[in-house]
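Trainee: Hi, I'm new to this one. Could you walk me through it?

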Amino acid sequence: MTATEVHGAGARLLTVSGLDVEYPLKGFRRKPFRALTDINISIKPGETLGLVGESGSGKTTLGRAVLGLAPVTRGTITFAGQDISHAGRQERRKLGKDLQVVFQDPYTSLNPSLQIGDILAEPLKVQGQDPATARKRVKELLDQVGLPVDAVDRLPREFSGGQRQRVAIARALALSPKLIVCDEPVSALDLSTQAVVLDLFLQIQRDTGVSYLFVSHDLDVVRHISHRVAVMYHGEIVEQGPASTVTRSPEHPYTQRLLLASPVPDPDRQAKRRDERHRLLAAQRLQEASGIPA
Amino acid sequence: MSMIQPAELVGQTGTVVRSHVVKKILKNPLGLASVIVIVFMIALAVLANVLAPFDPNFANIGKTLAGGDTVNLLGTDSVGRDVWSRLVFGARTTLLSALLCAAVAIVIGLPSGLVAGYYAGKFDGVANWVVNVLMALPGIIVLLTVRAALGPSVWISMVAFGILMAPGYFRLTRTAVQSVRNELYVDAARVAGLGDTAIISRHIFSVVRAPIIIQTAVICGVAIAIQSGLEFLGLGDPSVATWGVMLNEGFKNIYLSPLLLLWPALAIGLTIGALVLLGNAIRDALEDAEKIKAPRRGSGTAQETLAATRHLPGRTSPAAVEAGTEHHLVKVSHLGVGYPQADGSIKKVVDDVSFHVDRGEVLGIVGESGSGKSQTAFSILGLLPDSARIVAGSIQFDGKFTVAPTDDRVSQARLGGYRGKRISYIPQEPMSNLDPAFTIGYQLVTPMVRVLKISKAEARKRALKLLDDVGIRFPEKTFNAYPHEVSGGMAQRVLIAGAISCEPDLIIADEPTTALDVTVQADVLDLIRDLQKRLGVGVILVTHNFGVVADLCDRVAVMQNGRLVEDGDVREILRNPKDPYTQKLLGSMLEDKEPMTMLVSGGMGAAQAAARDDDPDAKEMAL
Amino acid sequence: MVSFILKRIASGISVLVAISFFTYCLLYFSSANIARNILGEYASQAQVQAKEIELGLHRPLLSRFFEWAGNAVQGDFGASWFTSEPVVSAITTRLPVTLTLVIVSIVCIAIIATLLGTAAAVKRGWIDRLVQGAAVVGDAIPDFVLAIVLVAVFAINLKIFPATSSISPDAGSAAWVASMTLPVIALLINGIASIAQQIRSAVIKQLEKDYVRTLRSRGIPEWEILFKHVLRSAAPAGLTVLSLKFVGMLGGVVIIEQIFALPGMGALAVQSTSQGDIPLVMGVVLYTVIIVIIVNLLVDLINGWLNPKVRVS
């Protein structure tokens, strides 16, 4: 841990240290599947940590482990000074107030048979708010995410993908949480809708000071929204640091490959980037060949 | 804000939606008929004491096998019992026993299915084994055994049959719960701290409710059939009047009084038929709602609808293409594609689209979901869904019409000669585009044998070469593999190999890298670029990604809501977009933007910007 | 593959053991007056007691079951308590009639339903409406009611077919075919209607798959796509409902055999259960369950052959 990162444990909202996640496999005496290995991350209040990686890198699993949706095999997850690695149902209910989630797919993250009002009121009800207060809060939330108040008694199917994602964000905001885990929240959206939803995330953070653990496969998205970025590869974090450093001049070979793989919207710059990528790949292959004796 | 929903649907509560289903069932003539029959039968059963002039077992020995008269409406049976009275009391016993059977099956099957589906684990294993046992049992033989053991009571055999039917409910519930258990909204409820009971009752039970109702209608029908069957065999309780006992009585006297058979057979047939129809009507009513619920992404939507006109004014039928355009590899002129709607109108998804592609040129068609870009590409391939209509314009390939100006559908006869041979296709999703039941080699070899008319051995040699060409390291191994044994990136390479296998002049690639990881995407883009250069083919690349466009394309066409808003040289469009929509799309790109700044809202709040942005956003709801 | 088959056989045996024990328990409670029933009303109390001891009725349930099971494993199912006919011979003389009826019906159903279902899925239009309509009608009329109607119309009114069919295969094949026609038709209608419907929806589901579009784009002829790719992928769904139909038919055939007075397993089942003839009932139940298990195993094997993914796991 470098000196610049240390602000004292009290300043950290979320600390994950030495986290392993394993899934048991079917079959007698088979070794469990290791999804995450020795994960160490932390998030300060009001900060966004971007988590970038490709499919199967374990980025989604890390988000789910923080939420209690994936089994913690080793290590600890500390949230607001409290160890939540193995929190039970009761503790989770209390945690629900401060720790929330926005999922990737706006089409399956809302129950199709419930009205928007009921969906938004669900977390409020769990915390024991009375219906009148809950109704008032639901209206505030809709306003906050830019949806009309009459959305309350409509069904999710009456909304577009971008609008549904805003409902999901409103649900996450309902209890004014301290941290929202965002699992690929814009990757199912069209380009222009993505821009609108990213703006909304930024605006909410400015207004409420919420922290995000922002999971995405898209380096551009992560660069845009994060203060700090962690890069995942094969269940491990290979590199983390300030967003500008990691996403512009990365050190780890994988991050370098990732950065140069994403095409830019200009033919000539893209041609340059393509050549850079080919040179990098050749250099890395050479390094690998010389680094690992046969 | 433009909502696609009909106005009366907006702002309804859950209960209203449910009554909507009831209304739909009653509007469906078969549904209405089945409800009437069932209500009639229930009325008979409830009012049996009032409707029946005689006790069902009162025998008038002096008047046997009589025809209908004012005293005995439907006549009498072989011992002089009143047929009408027995029919009415029979309705009571028969319906009650069917309900008993369904109730037993639900009480056992539903909770066990919920628990097995939600918690899985040991209980699931045991329950499945029991279900396998129950489903291996032939129903009637078990009921015969039960009767031998416990006596000829209707109720006991229906309880036993209910147990035998429980696996139906168990499986239904278990499958439904399993599919919902991992839905994201259930995860969201867990994160909110909802308990298992609350999750099951709130989020999961609502999913199984409808299938359970349908299943119950079917099970009641089966129960009536089985129970009547047993009694027909003479194995029922002879002292209780049921339709099955009456059938048995009628069959004994089939030569003397065939009408005795008619009434109970009619009652059984009508009741079971009504139950089956009711089940179908409920399913139809629910599926109707589902259709609106699950918008298909990717297919186009333009709000404008046109009247269904097969021959649009001004559409003449020239035999040859316009002079001076023959040299274009493909030329699409004023193309319109639409889908006929239930109300007779046509919903246009592609509207007045014109562009051309020359040999060796790469054209990118860019747009968001619902822009009609894929529909345009598929109309060139002739692979539009059956219901699609060409409502305007023409397509010519290599100087000949594949869609002539008067055609309202793509001519499969004309395109059949080109497709696979001169025009080929690279799909988006690598896995779902290979048939899981055949090896990769088979799927590469067969088109070559069919299209190029070469021998299998020759095709095999070429397939191995192709696999090598697309950068697969062990061609032989991949050739013999099944699709599920290779990675997504490798499968996409296989599909590209397939697309170039018959040396086409034009390749249509529909989002060929969208389903791939970024690093794999870069490799596949390299591959497509190399092949395109080497083979000199024309390519139409459909994509939503301007980076991919910049990487591969010579020219770009930008589409929005079925219309082509702008086209031209790739540098021109990407650097100096003229159309506001293109500007907006490029403005939404994150590359080269100052991090943590607002992208679209500028000075105003993001929420206001979002609200203002609802209109184009809503169009994304492709139907 | 071998381990897959062994696993299925093991699970089949466990099902067999469970069912035989359960049935035996059930019958145990019904055997109170059995000795009296065998000997008739006028037998003395002493004779009845002697008979009970001879049949082992005084012994506890478990010891009786294990003795029966021990013999059954060696292929000895005992003899009928009423007729003294060995259970194995009683069943083997009747099984061919039932199996012929069921297998002929299932094969006809499979062929006709596949043709109709595929045609409905591909052509749509009137044939689709016909299949859908027929499915409702087929579901609505229980096969025994249909059998009664067939007897009333074709045998009694029109006299085209014999009403009762207690003709053995020795009586000449023409007469035998004539006697089997109505029962087979009675079993067919319902099955064709419901299975054609299943095949229709399975084929439609496959036709909408992405790979079908890609095959078309490769220039593969439509008939080849349909028969080689689509039907192959749709087959498992059809086979599964067909195997359920088979199980249902093994039971349903009991009533059909009674209507046409066919000397099959049905008569044996009805007679033995109503008399409480434990060895015979156990024999009937076991034979039926074994057939069901074999059919399910076959279906699993065919599905594994059709779907390489299943084969691997």
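Trainee: How many helices and strands does chain B have?
Mentor: In this predicted model, the secondary structure of chain B consists of 23 helices and eleven strands.

Trainee: And what share of chain B is buried?
Mentor: Of its 623 residues, 52% count as buried. Looking at contacts in chain B between residues at least 6 apart in sequence, 69% join residues at least 24 apart.

Trainee: Okay, on to the chains together. Which pair has the most contacts?
Mentor: Two pairs of chains touch, and the one between chains A and B has the most contacts. Chain A and chain C are not joined by any contact; their closest C-alpha atoms are 12 Å apart.

Trainee: How many residues do chain B and chain C each put into their contact?
Mentor: Chain B gives 54 residues and chain C gives 55 residues. On the chain B side, the elements giving two or more residues are α5 (121-135), α6 (139-150), α9 (196-232), α11 (259-293), β7 (423-426) and α14 (440-452).

Trainee: What kinds of residues are on that side of chain B?
Mentor: The side of chain B that touches chain C has 33 nonpolar, 15 polar and six charged residues.

Trainee: Switching to chain C: why is helix α9 of chain C called largely enclosed?
Mentor: Helix α9 covers residues 210-217 of chain C, and seven of its eight residues are buried, so the rest of the structure largely encloses it.

Trainee: Last topic, chain A. At what angle do helix α3 and helix α4 of chain A pack?
Mentor: Helix α3 (residues 116-126) of chain A packs with helix α4 (residues 131-144) of chain A at an angle of about 120°, and their axes are 9 Å apart. That angle makes α3(A) oblique to α4(A).

Trainee: Is the crossing of α3(A) and α4(A) left-handed or right-handed?
Mentor: Right-handed, as α3(A) passes α4(A). From α3(A), the contact uses Gly117(A), Leu120(A), Ala121(A), Leu124(A) and Lys125(A). From α4(A) come Ala134(A), Arg137(A), Val138(A) and Leu141(A).

Trainee: How do the residues of that contact of α3(A) with α4(A) divide?
Mentor: Six are nonpolar, one is polar and two are charged.

Methods: Residues numbered from 1 in each chain as written. Chains lettered and ligands numbered in written order. Predicted model: local features only at pLDDT ≥ 70, side-chain atom pairs only at ≥ 80, totals over all residues. Contact = placed C-beta atoms within 7 Å. Helix = DSSP H or I, 4+ residues; strand = E, 2+ residues; numbered from the N terminus. Nonpolar A, V, L, I, M, F, W, Y, C, P; charged D, E, K, R; others polar. Axes fitted to C-alpha atoms, helices over the stretch in contact; angles between N-to-C directions. Parallel < 35°, antiparallel > 145°, perpendicular 65-115°, else oblique. Left-handed = near helix turned anticlockwise from the far one by under 90°. Buried ≥ 20, exposed ≤ 12 C-beta atoms within 10 Å, placed from the backbone.
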